[in-house]
Structures are given as structure tokens and as C-alpha cells.
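I opened the model to look up a few things and kept notes as I went. The entries follow in the order in which I made them.

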Amino acid sequence: MNKPIRTLSVFCLLMFLALMANVTYLQYWRADSLNDDGRNRRAVDAAFSQPRGAILVGREPIASSEPSDDRYEYQRTYSQPLAYAHVTGWYNYFNAQSGACSSCQRRVEQTQDDLLSGEDDRLFVTRLVDLLSNEESAGGNVALTLDPDAQRAAFDGLREVLGPDGEGAVVALEPRTGKVLAMVSLPTFDPNRLASHDLSEVTAAGDELEDDPGQPLLNRAIQTTLPPGSTFKVVTAAAAIENGLYEAGDDVPGGPSFQLPQTTGDTGLIDNEGRDCGADRIPFAQSMENSCNTTFARMAIEVGADRMRDQAEAFGFNQQYFEDLLPQATARFPEEMNDPQTGQSGIGQFDVAATPLQMAMVVAGIANGGTVMKPYLVDEVQSPEFEQIDQTDPEALSEAVSASTANQLTDLLVSTVDNGTARPAAIPGVQVAGKTGTAQSGNPDVPPYAWFVSFAPADDPEVAVAVMIQKAPGVDRGEIAGGLLGGPIAKAIMEAVINK
Amino acid sequence: MSQATGNPLLGFVHRRRRGAELFLLVLALAVGIGAYAAVGIGVEGTVPADLVGYGGWLAALVIVAHLVVRATATYADPVLLPVVAALNGLGLAVIHRLDLTEDTGFAAQQLIWMTIGVGLFVATLLFLRDHRILTRFTYTSGLGAIVLLLLPMLPLIGNEVRGARIWIRLGPLGFQPGEVAKVLLVVAFAGYLVLHRDALALAGRRLLFVDLPRGRDLGPILGMWLISLGILVFQRDLGSSLLFFGLFLFMLYVATERAGWLVVGGGLFLGGALVAWQLFSHVQTRVNVWLDPFSYYGPGTNDTAFQPVEATFGMAWGGLLGRGFGGGDPGRVPFAESDFIMAAIGEELGLTGMMAVLLLYGLIVERALRAALISRDGFGKLLAAGLGGVFALQVFVVIGGVTGLIPLTGLTTPFLSYGGSSLVANWVIIALLLRVSDLARRPVPELATVEEAGGDDDTQVIRVAR
């Protein structure tokens, strides 16, 4: 009977080997993906039972973990929830493990999750020390580039103009570095409700926000693309100067109206809504000051669709460049266009669509001598003891225009604030460069969108701003204009940064 | 069995090794008591107040077991008892750990059951001085096993728990008779097969390279197959059904040395499994959950896979080294203290702890099969091989189920799971194995005396095994 017993023992050996191999696969190779699974409550519970790092603006935490005495040890708390909601996002039972979810909305709480939760490799030494000294490990802190004064000015200014039901967004950048100094989107929401430990309340709040027609969860600063209207004329002017067609001192085409090539009748007729754009040739500065549609439509056709697209893409159109909040909507400049379409795109209509961030980058690039910096929101990461362990280095995205072109454009835009439509943004004693925009929505029932872009001081720019007003229910349709609505907001933000 | 003249092993005499057993037992106690202390420190932050009392009781049980082995089974395998003591101590600590967070009192009951188990272990060794005595109870055991298996089906005392009708309940006492039936079945099979194996082994005809048994010899295997199916159908107990039939096949194969039986049995098993899968929704559910557990987990599903998926998450959460006692959340897995205790070990002691436990189980099986190999009588061989095989099969079925290697079936994890019937039955199994190994390792009696004795036993012993 020994032979079958030996066979039996080989069979038993195989069974044990199979068990060992399987458990090794489960607990070693598959462990990471299982621990990242959003449904794994253990990982979530663990995350809630240790202090998570703070999100800092300046020296003040806008998101922090406070000791809590309910089912978890720490409660995530947002000190200025409404102003920073779209930046911080929220951290709760349902999205604590969204690292594995690529299509999810990812705000700083999610994009910096590794660091905030203390799992980041850069915190390895800290973790080791905690382990050896038997202390509770804590997450690192994330310091944002946001300027609290600029953010406050942006939030207050935009909310005042929009009213309770309005929709709009503001982005302010530091031209030299690409730091995001302010980012506000309205309507907003209270992340504290979504971070509650009462899961049914979280679900109710989440459903309410999802169903809100104003889409408060949408970060319009980076996720809404709208026709930029006349603010896009800056890009058209940049293309014309950069390609040697005109200089800032030259006369450019003008006129009260312009029939787009290959068109007849009203649909192809471009006018200036009553602004003075001369007869045929007018100074470049005047065309910018008065935002002459006829000038820039003709100019775009002269530049040509390809060179227009090259210029737009040099400023960041048709690209993804922002990594700290996801997903980012791509600003669009059309691939193929005929002449009338090119003419319309020259004044920011047709299929041109930009996010407020993109338009801020256009003016920031000009302010920075033609170099567009890659925008970023996370300035530095710190250990739990607030020691700096890493800082983001500014990075150039592209050379959009030459320094000389940038100077000429700056002059044109300063003149637009001093003498033209962008006057509401003027700051006494400071040279401000700016441009307004009012874009047709293309739908008679939807009021036009108002835009405003600017930077200051013009000779040594510290801040570039883009304001976008998608819907301002309290304002008459006729009064929706970039300068009137956006100018004061931009002015307040620029003052907040300059007067530091 | 290898007593052919000139065998170099003939002069070999096994050493008693009782001192080694004592040393290993001290290590095993360190595992059990250390784990208990670690649970207190990890979960509550202090060494448990009753550590001395608990440790003393555990030590006393183990020492008593050791002394009885020393007195009555001098030559018994020295590794089995320490391994079992370590497993049982670890199981108690893990159950205690779950008690602390789940606010239950299973560990204290388990310690009582362990005491009863050790008591039966001692009784078995004391009263069963030679395992061959059990051959007298072949049919009694078989009948007893069948009666025990039928008990849960009776009204009044039968009790259905989680869809499986495998419990009897007498007042406050719950009992799974299947665990005891397992031991009785091994005894019955061993006794039956040792008598009838020649007929089963030799008669038959050859068909396509395989020796097929005679039709009338198929009776026992068909009967066992039907019993297994009955357990599956009427008691809805997949695990036991698989276990009993697998056990029978193992022993039949060992007794007859004919692979043909494996073919017949394997075919019957596959056929039965296929029919069961087609006919019974609970079998289908188990298979579906095994194939794709995540489709049956979470909101929007019926959460059938809650238990296995939580166990999977828990074991992954444990990783290589585990979270440490108190560091994990093993209470998330329903019935973590019984069927899913391996998930709790995997979560808090990690892959390292799992491997250690698997190795301990492997050692038990290896020691059992070794006793079978060196046993000098056919009954002892069959008994040890059967007990080792059923042990290996049970470990494979339950741990394979918990870790997702095979579909989940309800079986207890030997010595670790909370559950009195299983613990007591397994202690008896170890006593039987020690008894077989004791007789096997004893020095061969003077040949003269054997020849003088010249009993029936010899005809079985002189089977030349190459």
C-alpha cells in the first residue's frame, strides 16, 4: 500500500503548494490593486483614523483634519468652504479611494492624495521615523499657489456681479511662473456637507448638487469652454504682429462693416455695434481700443487659418497642460476652416472656445514677454511638521510670441484700458493692460457671455486675470458687456495682488 | 511492511524523542500564549489581566497531553502534538481577538471545548492501546456515522444554520455531528477496505489501459456516492459532501492500489457535481460568486459575495506582514471566528502568518502519511492515510474557499475555527495518528515471537511492497 500512499502524499503536496501560491498571489501581487479598490472599506476606514495633511493657502489651512468623536477619529474640515470648494474638493467615505478612478473629478484632495494621506514616497523618512518612535503617522501638507487676498477679491467680486443664481469663473495667474493666484467658479457648494461622516447626509447633499441646474460641482474655470469673443482679438493681433503683417504703430484694416468672403446678406456681415472703426484704415491702437470686429476679422483672414491655429496653439489651445485639478476641458481652435470661418474665429466666434484658464494664459504669456508658463496650483509639499520637502519649479509651456511682439501687444492693451472699452479696470497710478469681450452664445434665448482679460502692472506684470461671466440673471441683456461686468472684478484682483 | 530479508532498515530503531516533543511543546505554548498577550497589547493596549490563568490552563492541558503520550505512546511521532498545540493556541488567540471587537465570548467556550478535546485525546490514548482493536467496530462505526449524518434531518433536534442543515441542538448545546462522523467513517472505511481490498483490487476486467472493477464490487463506492449526494441535496453542505467522497476515494485507492478506482470515482464526482450545479441554485450561486465575486458585491447587487470579498480585501490589507493584532478590521467578515478565521489571520498576521499556518497543516499531513508509510499493518496504514488525507482535503477545501482558489464551501478550519465538534473530533484524530505512529515506530518485536504468535495479522503483514 506504500505506492498509493506516496502518490497520495504528492497529491497533498500539490494541494498545499496550490494554496500557498494562491495566497501569495492574493496577499502580495494582488494586494495593491485590492487596497486601491474604491469599495475596500478597510483602506477608507484607515484613512479616516489617521490625521490627514492640511491644504494651505498662505499660512492658513483651508482644509484640515480635526479630531472627531463619532465613528471616525478625524473629521475633514474646510475653513472657507465656498471660496475654495472647486480647488480643494472634498474628502469623504465615497471618494477617499478614487485614486483608481480615472474618469472621476479629481481636485486637490484627490490629486494630492498620496501626500495628504502620508503614502507618498517623499514622506518615506517621516514614516520611518514615526514607525520607529511608535507615533501615529500623519499625512504631509500641501501649500497652494493661491493668494488669499486675490482669491477673496475674486470670489467677492464675482458673487456681487453674478448674484445668487449666476454662473461664471475667474482665474488669476502669476505671469512669470504660471502660479494660479486665484481660481473661483460660481455657483459653488459647501464641501463640509460632502465630507460629513453621516453617509446619508453626504448622499443627499451629493444628489442635490448633481441635480442642481446650475451645476455647482462644475469648475467653470477649467471645465467650461465658451467662445471667448473679443478677448480672442489679442491672439489675432499676436498672430498678425508675430508674422510680420503689422506693427503696433501701423494702420490696420477697419471700416464700419465687413462682408465675409463667400457670403451674402446679414449672416456674413460683420459690424462694430456702433463703435468708431474709421472708414478703411485705422490705427492698430484704435482698433483694439474700440474692439473693432471688422479689423480683426479681416486681419485673421490675412493671417490665414493655419497661422491663426499655430498662434492659438502656441498659447495653449488644443492642449492639456493643467495637472493639479482634473479633468481639464481643452480649449478649442478649429482644425480646418475656410475664409469666412477664419474671419469669425479672428473675433473669437465660430468654433473657437476657451476656458477662463486658457484666456488667462494668453494675457499672462504676453505679460511674461511672450513665454507662456505652465499653470500650477500646488506650490510646495511639506512634511507633517511643515518642513518643505518639495517645491514645484516653474516650467515654460511654450514661446507664444517674441518679446518684441509681446511689448507691442502690451502697448495696445494698455491703450485699451487707458482710452478704450477696458476702462473699468483702470487702477490709478498703475499701468493696466486689458481687453474686453462679449461673445454671442449662438442661441437667441441665451444671453451673451461677458469676458475680461487683463494684467498689471504693464511694465512689470505681477498678475494676469481672466473673468468669464456665463450667466448673470440680474443684469439686462443689453448691459452684458465684458468691460462693465468683468472690469471691476479684474481690477479688484489686480489691486489685491499689487498692493501687497 | 518492508520486512523482506536483507532490508537495511530492519535493524533501524526509532528513537522515542519525547524530550524533543517537550521542547517543541514549549515553543508551541510560546506561540499560543504569546499570541494571546499580543492580542491584549494590540487591541486593548495592555497585557491581558488573565494571562497567567489562561496561559496556565493552556500549559496544563498541553503538559497533560504530553505526559499521557509519554506514558502510553512512548514511540509516537514527536512533532504532531506540538504542531496541534501551536495551532490550537493560535486559534484561541485569534478568536479572543475577534471577541474583543465583536463583543462575543467565543474564546472562553473554545477553551472549554479544547479541554474536552484534550480529555478525549487522553482517553483515546489510554483506552486504545492498539488501533487494530478498532477493526472490531468497522460496521458499528459506519452505522454510527450514518446515524450521526442523519441526525440533523430529524425534527426537534435538527437545526438549520445559514442554509446548511448540519447542526443538532440539544438545549443550549449546538453540535455538528458531521465532524464526528468524519472520524467514524475513516475507521469504518479502513476496517472494511482492509478486509475486502483483495477483491476490490484484483477482480475486474481491463478496458482501454484501465483496470475497471467488477460490477458487484461497485456497491460500496456507489453507496458512498449516494450518501455524499444526499448530504449535498438534503443538508446543502457542499463541503462535507466533497470531503466524505474524496476521503472514500483516497482510501479506496490506497487499499487497492488501482488507479481505476480514481477514474470511476472521479467520473462519479464530476457527474454528481455537474448535475448538482444544474439542479441546485445554491450550488450555482457559489460557483458564480467564485468566478466573479465583485459582481455580487456592493450596492446594487444582492451582496451574495459580501463575505468572500470582504475576506479578500482583508487578506490584501494584511499584505506580507499583516496589520498586527488589533491593527486590522477582521470583524468585517461575517463568521470570521469560524469558517473565515484564515481571513482574520491573513489580515492581521499577513502572508507570513498564512504561510506559517499552512506549513503547520502541511506538517500534520506529512506526519500522518509518514505514519501510514511505516505502519506495519494494513489497517494502521489505511487509518493513518485516511486521517491524513481527510485532513489535507479539509484544509484545502476550506482555505482554498476562503482565499478564492476554489468555490466556497462551509467547512471548519481544523484547530483554528471556533466550533466544539470540529475541535474535539480533530483532537481524537491526532490521538489516533499518534497511536498508529507509536506502533509503527516501536522496535520490531523479536521475530521468533511473531512467528510463534502466528496470528491472522501476519497474513496481512507479509505483503511484499517491492
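**Cores.** I looked for the largest nonpolar core and found 155 residues in it, with B:Met251 and B:Leu433 having the most contacts inside it. For this I took a nonpolar core as a set of buried Ala, Val, Leu, Ile, Met, Phe, Trp, Tyr and Cys residues joined through C-beta atoms within 7 Å. Buried means that 20 or more other C-beta atoms lie within 10 Å of a residue's own; 12 or fewer is exposed, in between is partly exposed, and C-beta atoms are placed from the backbone. Helix α12 (residues 341–374) of chain B gives the most to this core, with 18 residues. I noted that a second, separate core of 137 residues includes A:Leu217, A:Ala238, A:Met468 and A:Leu485.

I then listed what B:Met251 touches, leaving out residues up to four places away in sequence: B:Phe189, B:Ala190, B:Leu193, B:Leu382, B:Ala385 and B:Gly386. A contact here is a pair of residues whose C-beta atoms, placed from the backbone, lie within 7 Å.

**Conventions.** This is a predicted model, in which local features need pLDDT of at least 70 and side-chain atom pairs count only at pLDDT 80 or more, while totals for chains, interfaces and linings use all residues. Residues are numbered from 1 along each chain as its sequence is written, and chains are lettered from A and ligands numbered from 1 in the order in which they are written. Helices (H or I, at least four residues) and strands (E, at least two) are DSSP runs, numbered from the N terminus.

**Chain A overall.** I counted 19 helices and 17 strands in chain A. Of its 500 residues, 56% are buried. Among its contacts between residues at least 6 apart in sequence, 70% join residues at least 24 apart.

**A sheet in chain A.** I traced an open sheet of five strands in the order β6-β5-β17-β16-β15 (chain A), with antiparallel pairing. Strands pair if DSSP finds at least two bridges between them. β6 (180–186) and β15 (433–439) of chain A each have a single partner strand, so one side of each is left without a neighbour in the sheet. Six bridges join β5 (residues 167–173) of chain A to β6(A), and A:Val171 has A:Met183 as its bridge partner in β6(A).

Helix α8 (residues 148–162) of chain A packs on the sheet, touching β5, β6 and β17 (463–471) of chain A, and its direction makes about 25° with that of β6(A). Helix α17 (residues 356–367) of chain A also packs on the sheet; it touches β5, β16 (449–456) and β17 of chain A, at about 155° to the direction of β17(A). Axes are lines fitted to C-alpha atoms, for helices over the stretch in contact, and angles run from 0 to 180 degrees between N-to-C directions.

**Between the chains.** I found 28 residues of chain A in contact with 42 residues of chain B. On the chain A side, α1 (2–29), α2 (31–36) and α3 (41–48) of chain A give two or more residues. α1(A) gives the most, with 18 residues.

**Chain B, α4.** Helix α4 (residues 106–127) of chain B has 22 residues. Its buried residues, B:Trp113 and B:Phe121 among them, pack against α2 (51–72), α3 (80–102) and α14 (420–441) of chain B.

**Chain B, one residue.** B:Asn288 lies in helix α10 (residues 281–291) of chain B.

Key:
The expected span of a helix is 1.5 Å times one less than its number of residues. Two residues are in contact if their C-beta atoms, placed from the backbone, lie within 7 Å.
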